[in-house]
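Welcome! Take a look at the picture before reading on.

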Amino acid sequence: MLKELQSGNKVSGAKQSRRAIRDGLAERVYLAGDADAALTDPLRLFCLENGVPVVDQYSMRELGQAAGIQVGSAVVTLLK
């Protein structure tokens, strides 16, 4: 699944992800399993409310690398 993040259109970060979900642009949201629950739980609920699938089996480091950034990322959203 990380391969689709590497090659697909994506946004990283809670704010941009929330905006993509709200605007109906999100295909799937990746939440880091080792991220702070205070950040990821509200996004998980927002995804549930908007019918967007969530994947939470990767670490912040893995998501950051897949998104092509030098630091870890708690949230990466694959766009349609």
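How many of the six residues of E2 are buried? Five of them are, so E2 is mostly covered, where buried means under 20% relative accessible area with a 1.4 Å probe, protein chains only. This is a predicted model, in which local features need pLDDT of at least 70, side-chain atom pairs count only at pLDDT 80 or more, and totals for chains, interfaces and linings use all residues. Residues are numbered from 1 along each chain as its sequence is written, and side-chain values use heavy atoms, leaving out hydrogens and water.

**Partners of strand E2**
- Helices (H or I, at least four residues) and strands (E, at least two) are DSSP runs, numbered from the N terminus.
- E2 and E4 run antiparallel and are joined by five bridges; two strands pair if DSSP finds at least two bridges between them.
- Leucine 31 stands opposite valine 75 in E4.
- With strand E3 (residues 54-55), E2 pairs in the parallel sense over two bridges, and valine 29 has valine 54 in E3 as its bridge partner.

**Helix H4**
- Leu63, Gly64, Ala66 and Ala67 are buried in helix H4 (residues 60-67).
- They lie on the same side of H4, because they cover an arc of only 165° around the axis, taken from the directions from the helix axis to the C-beta atoms.
- Just after H4, glycine 68 takes a positive phi of about 80°.

**Contacts of tyrosine 30**
- Tyrosine 30 touches residues including Met1, Leu5, Tyr58 and Leu63, not counting residues up to four places away in sequence; contact means heavy atoms within 4.5 Å.

Conventions: Buried < 20%, exposed > 50% of the residue type's maximum accessible area, 1.4 Å probe, protein only.
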